[in-house]
Amino acid sequence: MTTHFRACPLCEAICGLSLRTEEKRLLQAQGDPDDPFSRGHVCPKGTALVDLESDPDRLTRPLLRQGQEWREIEWDEALDRAGQGLAALQREHGPNGLAVYLGNPNVHHFGHTAYLPGLLRLLRTQNVHSASSVDQWPHQLVAAQMYGHQFLIPIPDLDQTDVLVMLGANPVASNGSLMTAPGVRDRLKALVRRGHLLVIDPRRTETAALASEHWAIRPAADAGLLLCLLDALCRLGPPRPSPALAASVGLDAALGEIRAAAADPGLDTGGIPRSQIEALALRLHAAERSVVYGRMGVSTQRHGTLCQWLIQLINLYLGQLDQVGGVLPNRTAVPLIGPLTGRGAHGRWHSRIRGLPEFAGELPVSVLAEEILTPGAGQVRGLLTVAGNPVLSTPQGDRLGRALEGLEFMVSVDIYLNETTRHANLILPPASALTQDHYDLIFNGFAVRRVARLSAALWPRTDTERGDWEILDGLAAAYARHAGKDHRPAPAPRQLLAHLLASGDSGLTVEELTQQPHGLDLGPLEPCLLAQLQTPDQRIQCAPALLLAGLASYREHAGQAVDVGFPLRLIGRREVRDNNSWMHNLPRLRKGRRRDALWMHPQDLAARGLRDGDDVAVASAVGAIRTIVQTSDDLQPGVVCLPHGYGHGHAGTRQQLADRDPGASYNDLTDASALDGPSGNAALNGLPVQVSAVASA
């Protein structure tokens, strides 16, 4: 029996794992106590790596669909067929006749993150989509507009701040998420002991349960609260001097518009009294080190970009931007501002049907179904998906599933035959992550400390396996051959990593990383935003026109009448175990209590004559689902809560455990036309719904 050490490939927390193996079989996964960042912490997803490695439904060889049947084929044939099909489709329908969808797991794998850009450059389609536009586009857009680069995202200095206000975030379940923090429960407990943690959320989440204080806000009302908070800070005095303030332009113009909006007597602050918000402003103003942070629940609403802009301005006003104990970007060993990432351009092209602008080279995934279903020049006729299941994870997923049935050609790089890949002509499954070297290119950039780690392959791949980078580079080569384009084979991962490390200023080498199997702690966050600004004048832009327009749109639509036919507001939730659809086939993550039920406050249950465990129908303006209901005192009356990623059990899938307990899909209720205006991010939270009883059979 042998023990190996590497980072967990399943979660944003990048926890260090201690893996016990025997004859190329993984027997046990535990936390690595010698990892300087995670310090032995591991969540259930890390231990479930054993199940993923041994899952009998996991694909190991390429599959070719013939009618309704699948057969295994060899890799050379699979890659050639895929490249030929993609090239033929674009010859007939043009470059934009092919769409691409990139799922969440891509950012967890070096081979995907580092090798996808080369393939996308060859394909030259403008119809690129990803999970980012149902997640964090408001963060990236605000960073691009204010600081000149989409990944110059300031991170809360969690271990050194004294007061933290957290909106729409539940890091105890998510392990951070744009605030990578393994062992976050202990980090937050330490913060509570030395200072104050306020969680503002419609639900008393796992994070709120250990906070100093919890405010229950109405869903999607964060913008009004933040406007009121910034206005209250202005009335306490001028902004606190700081290097970031000295490097800013447009703050007075931004504050003028913001204070005018906050003066509206009808401003919706989500049920939080103005006097309470003013007391919060006083606490933040008096604290030496304070932070305001908003995450998923703030981003995935109609005014997500406005919320993220206001949060940046609040931290700047408090003198906490780019300050120890405040919010700072992470200066990583491999720069996020480097050869693999664009700055975050906006509006260089627009979607064909709705005319929505691209951001960072992508269009909102909410337009994908209409681009497939609507005939005419530029109609999408083919699709490449990489590590994604958009039928379950994007708005009106049931409609997208129907759209995929009519495609002429589809290729999926995936390890499962799932609700999306069942429509593909070819499925190309990557080998186990344990057979591949890995260096985290993304989540190191959002970590609350500066860290670096090379996870070495545990054993070589067999002749019948291909690494994710080999698949993407092989697909690029086959496509180029059939499309008559030039293609230069990409270097192997360690060679490419050496080049990327050399582009930074850490001085680290691949050889040094290989000598540190538990990883390296390079120290706490340090002020570095001003040195990395990418704006043309090297100043922080406080009043970009696009963000001011988002505020104007908010004011224009404030106070619109609520549809009385849908009196409840639906919010999502994330489970620490099975937060993504591809994790629902792993026994360790599905055991225990049922986690796919709709949660509802006891008052709302009683008002509808419902009891705990009843079957219910949940309907929105665009769809309906059936699930069970569970009572929860953690919700406000008028708010219901459902996890995402469920909705299995479709014909033609091959996920036995997931299909036996399929649950219902949150995204059969979401509206593809409901977006955050400036960014195009999907507005998933605060969805108007109604809930009614379903007669039992």
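## A buried serine in a loop

Ser132 counts as buried at 18% relative accessibility, where buried means under 20% relative accessible area, exposed over 50% and partly exposed in between, with a 1.4 Å probe and protein chains only. This residue lies in the loop between β7 (128–130) and α5 (137–147); helices (H or I, at least four residues) and strands (E, at least two) are DSSP runs, numbered from the N terminus. When its neighbours within four places in sequence are left aside, Ser132 is in contact with Trp137, Gln140 and Asn681, contact meaning heavy atoms within 4.5 Å.

## Basis of the values

The model is predicted, and local features need pLDDT of at least 70, side-chain atom pairs count only at pLDDT 80 or more, while totals for chains, interfaces and linings use all residues. Residues are numbered from 1 along each chain as its sequence is written, and side-chain values use heavy atoms, with hydrogens and water left out.

## Cysteines

A search of the whole structure finds zero disulfides, a disulfide being a pair of cysteine sulfur atoms within 2.5 Å. Cys8 is in no disulfide, and the nearest cysteine sulfur, that of Cys11, is 6.1 Å away; Cys8 is buried, with a relative accessible area of 7%.

For Cys307, the closest cysteine sulfur is in Cys228, at 14 Å, which is too far for a bond. Cys307 is likewise buried, at 0% relative accessibility.

## Helices α3 and α18

Helix α3 (residues 75–93) packs against helix α18 (residues 468–483) at an angle of about 50 degrees, with the axes 8 Å apart; axes are lines fitted to C-alpha atoms, for helices over the stretch in contact, and angles run from 0 to 180 degrees between N-to-C directions. The two helices are therefore oblique to each other, the class left after roughly parallel (under 35 degrees), roughly antiparallel (over 145) and roughly perpendicular (65 to 115).

Residues making the contact include Trp75, Leu79 and Asp80 of α3 and Ile471, Gly474 and Leu475 of α18. The contact divides into 10 nonpolar, five polar and three charged residues, with Ala, Val, Leu, Ile, Met, Phe, Trp, Tyr, Cys and Pro counted as nonpolar, Asp, Glu, Lys and Arg as charged, and the others, Gly among them, as polar.

## Helices α11 and α14

The axes of helix α11 (residues 251–262) and helix α14 (residues 304–317) come within 12 Å and cross at roughly 120 degrees, so α11 and α14 are oblique to each other. Leu251, Ala254, Leu255 and Ile258 of α11 meet Trp309, Leu310, Leu313, Leu316 and Tyr317 of α14, and by class this contact has nine nonpolar, no polar and no charged residues.
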